[in-house]
Amino acid sequence: MSRHSDKAREALMDAAEELFANHGIDGVSNRKITEHAGTANHSAIKYHFGTRDDLLNALIRRAITEVSEFREALPVSEDLDGGLREVVTHRVLPWIYYLAAQPAPFCRAQFLYQVRGYPGLSGIGAEMLRGDELQADLVGRTRHELRGIPASVLRARAGILGYMVLGISAEFERQVAEGEHAATWEELGYFLVDSIVGMVAAPSTAKSEFLDFGGPSRG
C-alpha cells in the first residue's frame, strides 16, 4: 500500500471514529464519513476497508495494537504474580495511557464505548471491549486472593468492568474536551484501579447465579 493510500485510510478512520463517537454507529453514513475525511470519493470506505463491519474492526485493531504497546512498557512482576492489584493495573492503565495520548478532538473513548456492544465486531475486538482478558486474569491468576467468591460472581463482576472502564473514560474524555475537568488521565486510571480492586475483592453475599454481562455478541 502506498504512502498516499495509507494517509487516506488513516484519514477515513479518524473521521469515522469522531463521527461514530458523536452520533452513534448507526447514525453515520459512509458518505458522511468520506466527506468528513475530505475526500470526494464516496466509495472510499468500500475501497479501503470493504464493509462497515470491516471498518469498525480496523478501528478496534488499531486500538488493540496501540494499547498493547503501552502494556508492554508497563513494568510487572514475572507472570503477573504480584496479585490482584497488579493484574488490574496491568489491564487498566495501558488503556488509560493510550487514551491520554490521543490528540484532539478527543473522541476515542467515546467511540469505544459506542461500539462495545455492536454485533458486527470480530471475536478479538468483542472480547477485548467486553473485558474478557481481564476476566480470565481475575479468575485464573488471583483465585488465591479471592477464595470464597464463586467463579460466577467473579465473571459477573468482570463483565461489569468493561462497561465501567469505558463508560467512565468516555465521560471523562468528554469533560476534558469541553474544559470541564482539571484531573489528569493518570489520576483517573488509579481511581479506576482502586475501585475495581475493591469491587472484585468485596465479599459475596448473594446466593444465586448471575446474568451474563458480557454483551450481545456472546453465544
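A residue is called buried at under 20% relative accessible area, exposed at over 50% and partly exposed in between, with a 1.4 Å probe and protein chains only. By this criterion, 46% of the 219 residues of the chain are buried. The model is a predicted one, in which local features need pLDDT of at least 70 and side-chain atom pairs count only at pLDDT 80 or more, while totals for chains, interfaces and linings use all residues. Residues are numbered from 1 along each chain as its sequence is written, and side-chain values use heavy atoms, with hydrogens and water left out.

The chain contains 10 helices and 0 strands, where helices (H or I, at least four residues) and strands (E, at least two) are DSSP runs numbered from the N terminus. With contact defined as heavy atoms within 4.5 Å, residues 24 or more positions apart supply 72% of the contacts in the chain with a separation of 6 or more. The accessible surface of the chain, from the Shrake-Rupley method with a 1.4 Å probe, is about 11,200 Å², and carbon and sulfur atoms account for 52% of this area.

Aromatic pairs were assigned to rings of Phe, Tyr and Trp (its six-membered ring) with centres within 6.5 Å; planes under 30 degrees apart are stacked, over 60 edge-to-face and the rest tilted. The whole structure has 3 such pairs. Phe-20 and Phe-111 are stacked, at 6.2 Å centre to centre and 25° between the planes. This pair links distant parts of the chain, as Phe-20 belongs to helix H1 (residues 3-23) and Phe-111, 91 residues apart from it, to helix H6 (residues 108-115). Phe-20 is buried at 0% relative accessibility, and Phe-111 is likewise buried at 0%. Trp-95 and Tyr-98 form an edge-to-face pair, with 6.0 Å centre to centre and 80° between the planes. These two residues are separated by about one helical turn because they lie 3 residues apart in helix H5 (residues 84-100). Trp-95 is buried at 12% relative accessibility, and Tyr-98 is buried at 1%.

A charge is taken to sit over a ring if NZ of Lys or CZ of Arg is within 6 Å of the ring centre and within 35 degrees of the ring normal. The charged end of Arg-116 is placed in this way over the ring of Tyr-163, 3.7 Å from its centre.
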